[in-house]
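Thanks for taking a look at this one with me.

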Amino acid sequence: MGSMKRQVGQNDISLRRWLRGRCCSYRLVVDAGYVGHVPEFWDLPRRFAQGEGELIHDRRNQLRILPMGEEEVVVKRFALPNLLNRFVYALLRSSKAKRSFLYARLLRAEGLGSPRPVAYLEERLLGICLLRSYYVSLRSRLPYTYADVAGEALPRPLMEQFLRAVGRFTARFHMAGMLHKDYNNGNLLLGLDAGGEAQVELVDLNRIRFHHVGLKEGCQNMVERLDYKPWQLALLAEGYARERGVDVEQCLAWIRDGKKTQK
């Protein structure tokens, strides 16, 4: 195997590796704080092929929890793109793994929660065709997801705290000019910090879009893919509206309008 290394910026190291006798190459970008784990990142395709670690999601994409020194990482292996997108992602558009890595950086820079991005790995054919890509982040310490709230699996006071926090988080996310096109039950991680304050982290970031998010669009986007009961919706809207300085009833009215449109 051949390899090349260059510094991408203050926080990243970029490496490339070509497989001798084959037409495949790999590109690895690593947060400089984790450069000591580069051999483990190169080994991700083999580790997935052999089923290492704890499998936590196995549909179109696959997620595994893997040990990394004294920490654990969550690795998302994205599905093989369709034939056209293999060239699009290689030549015209960033891969889903790269977008996930960069968008996590953006969220954290805005003071919004997302597990720390560690690395991403891309496998290419002849340099012009993207095959597999892998995104690596630290495993979140937050123990719940929004699904636990939607299913009323937690004590009522804790659910109320989380619902308002999700509303506030979503408002700040939108005010930063970001909109998530798959804002669903499993993509919001929830927990409490040492002081008992609600914490929210957003995952599955590759479907974020960037533009000015108006109040009506934001209220509707927040609950477009979330499950909720009427009392839960009221608290989500309360947290969102107060953070953005809009009337709660107006936010609820926009949400109802959005639901009618979807039907």
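1. Strand 5 (62-68) is the main contributor to the lining of the largest cavity, giving three residues. Helix 1 (38-42) and helix 2 (44-49) also supply at least two residues each. Helices here are DSSP runs of H or I with at least four residues, strands are runs of E with at least two, and both are numbered from the N terminus. The model is a predicted one, in which local features need pLDDT of at least 70 and side-chain atom pairs count only at pLDDT 80 or more, while totals for chains, interfaces and linings use all residues. Residues are numbered from 1 along each chain as its sequence is written, and side-chain values use heavy atoms, with hydrogens and water left out.

2. Which residues line the largest cavity? They are E40, F41, L44, R47, L66, P67, M68, V73 and V136. Sorted by class, seven are nonpolar, none is polar and two are charged. (Ala, Val, Leu, Ile, Met, Phe, Trp, Tyr, Cys and Pro count as nonpolar, Asp, Glu, Lys and Arg as charged, and the others, Gly among them, as polar.) The space in this cavity is about 40 Å³, and the structure holds one cavity of 30 Å³ or more.

3. A word on terms: on a 1 Å grid over the protein atoms alone, a cavity is a set of points where a 1.4 Å probe fits but cannot get out, whereas a pocket is an open set with protein on both sides within 12 Å along at least five of seven lines; lining residues have an atom within 4 Å of a point. Grid points are joined across faces, edges and corners, and a volume is the space filled by probe spheres set on the points.

4. Now to the largest pocket, with about 1,000 Å³ of space. Its lining has 39 residues, and L63, G186, N187, V203 and D204 are the ones nearest its centre. Elements that each supply at least two lining residues include strand 4 (54-58), strand 5 and helix 4 (96-109). The lining divides into 16 nonpolar, eleven polar and twelve charged residues.

5. The second largest pocket holds about 350 Å³. Of its 15 lining residues, L138, R139, S140, R141 and E201 lie closest to the centre. Strand 6 and strand 12 (198-202) each give two or more residues to this lining, and strand 12 gives the most, with three. By class there are four nonpolar, four polar and seven charged residues.

6. Please also look at helix 6 (residues 156-175) and helix 8 (residues 230-244), whose axes come within 7 Å and cross at roughly 40°. (Axes are lines fitted to C-alpha atoms, for helices over the stretch in contact, and angles run from 0 to 180 degrees between N-to-C directions.) The two helices are therefore oblique to each other; angles under 35 degrees count as roughly parallel, over 145 as roughly antiparallel, 65 to 115 as roughly perpendicular and the rest as oblique. Their contact has nine nonpolar, five polar and eight charged residues.

7. Finally, how far apart are the sulfur atoms of C219 and C251? They are 2.5 Å apart and form a disulfide, defined as a pair of cysteine sulfur atoms within 2.5 Å. C219 is in helix 7 (residues 215-223) and C251 in helix 9 (residues 248-262), so the pair ties together parts 32 residues apart in sequence.
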